[in-house]
Amino acid sequence: KFQTNALIARYELYEVKYHWLSHGVKRLVIQASFNCPQKVTLFVVHLALGKGIRKKQLEELVTIIKRVQSPLIVMGDMNTFDGYGELHGLIARTDLVRGPTLKSDPTFPSYKPEKVLDYILTTKEVEVTRYEVLPVAFSDHLPVLMDFKMR
């Protein structure tokens, strides 16, 4: 069984990197940059199901994110069953702010969405102009569509 993420972007991606977190089965972080018109770096994450492992992964993610100087978008399956609370440390130790995810936008399971597990965090330079959970069952989560502009 494979654990994967997908990223479809309007812009040409460059500086694509894959970070393998040291703990967990779900541990891939995809990093990609694009210009729109300035450089933006995107991280797509898929974190572990276990809270203890996920906490270690979030610590590693802080270190990875702090290396990047451009505006950021961090999004993906955070598997934080208690909502944003688990992300507080990540937000507090980086320049990230909460994205538009609402309790009314469940993404899991895709056949009958009841839980919000997929989140978007950005730096202040990024303004999310559209956020939509798409009703397409490609996997066990519904995909999220996001449009943004630079402030």
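Predicted model: local features only at pLDDT ≥ 70, side-chain atom pairs only at ≥ 80, totals over all residues.

User: Okay, what makes Gln31 buried?

Analyst: Its relative accessible area is 6%. Buried means under 20%, so Gln31 gets that label. You'll find Gln31 in strand E2, which covers residues 28-35.

User: And how do you know that the side chain of Gln31 makes a polar contact with the side chain of His19?

Analyst: The distance is 2.7 Å, and the cut-off for a pair of N or O atoms is within 3.5 Å. So the pair counts as a polar contact. Leaving aside neighbours within four places in sequence, Gln31 is also in contact with other residues, including Val16, Thr41, Phe43 and Val68.

User: Let's move on to rings. How many aromatic pairs are there?

Analyst: The count comes to three. Ring pairs also link Tyr11, Phe34 and Phe148 into a cluster.

User: Why is the pair of Tyr84 and Tyr119 called tilted?

Analyst: The ring centres are 4.7 Å apart, and rings pair if the centres lie within 6.5 Å, so they qualify as a pair. The planes are at 55 degrees. Under 30 degrees would be stacked and over 60 edge-to-face, so this pair is tilted.

User: What parts does that pair tie together?

Analyst: Tyr84 lies in the loop between strand E4 (72-77) and helix H2 (88-93), while Tyr119 is in strand E6 (residues 118-123). The pair therefore ties together parts that are 35 residues apart in sequence.

User: Are Tyr84 and Tyr119 buried or exposed?

Analyst: Tyr84 has a relative accessible area of 11% and Tyr119 is at 5%. The cut-off for buried is under 20%, so Tyr84 is buried, and so is Tyr119.

User: How do you know that Arg98 lies over the face of Tyr84?

Analyst: Arg98 is at 3.7 Å from the ring centre, and the distance limit is within 6 Å. There's an angle limit too, within 35 degrees of the ring normal. Arg98 is listed as lying over the face of Tyr84.

User: Last one: which residues have the most contacts inside the largest nonpolar core?

Analyst: They are Phe43, Ile65, Val74, Leu87 and Leu90, in a core of 22 residues. Helix H1 (51-66) is one of the elements supplying at least two residues, and H1 gives the most, with five residues. A second, separate core of 17 residues includes Ile30, Ile73, Val126 and Phe148.

How values were computed
Residues numbered from 1 in each chain as written. Heavy atoms only, no water. Helix = DSSP H or I, 4+ residues; strand = E, 2+ residues; numbered from the N terminus. Buried < 20%, exposed > 50% of the residue type's maximum accessible area, 1.4 Å probe, protein only. Polar contact = N/O pair within 3.5 Å; in protein donor to acceptor, adjacent residues only side chain to side chain. Contact = heavy atoms within 4.5 Å. Phe/Tyr/Trp six-rings, centres within 6.5 Å; stacked < 30°, edge-to-face > 60°. Core = buried A, V, L, I, M, F, W, Y, C linked by side-chain atoms within 4.5 Å.
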